[in-house]
Amino acid sequence: MTFTSGGTLKIKDANTSDGSSPTITLQTGDTDIAQDDVLGSIEFQAPDEGTGTDAILVAAGIAAVSEGDFSSSSNATKLSFKTGASEAAAEKMSLSSAGLLTVSGRIITDDTTDATSTTDGSLQTDGGLSVAKDAVIGDDLLLLSDSAAIKFGAD
């Protein structure tokens with residue numbers, strides 16, 4: 001482990017065998033994990049910023065948060081990703097223990113790959129797609145199944 005005078009911490013696994021890698025483990029001392037307990041977090045901050053106020057608040061962070069009471073058969077935990085704009089960093093995205101990615105805001109992909117099947121394109125899902133608001137299609141709408149249907153309203 002090396003800590004430079006410039007504030008850089010380097011951790012290197014001295015083991016040269018295949019598959020070796022360094023590991024950082026954050027452990028809580030809490031003996032009774034309940035829902036929404038934070039098991040560990042990494043926060044990013046510029047506390048010496050001269051303009052003060054919002055500038056010195058935690059600007060971003062990643063936290064492991066329990067999704068329920070831990071037991072001998074459950075340790076369900078989500079990863080919470082936080083960012084700030086003019087505020088202390090708040091959760092903007094999370095990844096649940098079930099693999100559900102939740103984003104508060106837009107998901108933007110700048111890849112321009114055309115979709116020609118159900119398994120390619122810039123954004124692909126293996127399940128249905130639910131859209132609560134209007135959908136705007138900028139080019140062709142392809143219905144690939146011979147039994148595809150478009151339904152309007154309840155009927």
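1. Two strands count as paired if DSSP finds at least two bridges between them; strands themselves are DSSP runs (E, at least two residues), numbered from the N terminus. The model is predicted, so local features need pLDDT of at least 70 and side-chain atom pairs pLDDT 80 or more, while totals for chains, interfaces and linings use all residues. Residues are numbered from 1 along each chain as its sequence is written, and side-chain values use heavy atoms, without hydrogens and water.

2. Five strands make an open sheet in the order S3-S4-S5-S6-S7, with antiparallel pairing. S3 and S7 (101–103) are the edge strands; each has a single partner, so one side of each lacks a neighbour in the sheet. Direction ignored, neighbouring strands of this sheet are turned by 20° against each other on average.

3. Seven bridges join S4 and S5 (residues 77–83) in the antiparallel sense. Lys 82 in S5 is the bridge partner of Gly 61.

4. Ala 59 lies in S4 (residues 58–66). Its relative accessible area of 43% makes Ala 59 partly exposed (between 20%, under which a residue is buried, and 50%, over which it is exposed; 1.4 Å probe, protein chains only). Leaving aside residues up to four places away in sequence, Ala 59 has contacts (heavy atoms within 4.5 Å) with Phe 44, Gln 45, Lys 82, Thr 83, Gly 84 and Ala 89. Ala 88, 29 residues from Ala 59 in sequence, is 6.2 Å away, C-alpha to C-alpha.

5. Ile 11 sits in the loop between S2 (9–10) and S3 (38–45). Ile 11 is also partly exposed, at 38%.

Conventions: Helix = DSSP H or I, 4+ residues; strand = E, 2+ residues; numbered from the N terminus. Axes fitted to C-alpha atoms, helices over the stretch in contact; angles between N-to-C directions.
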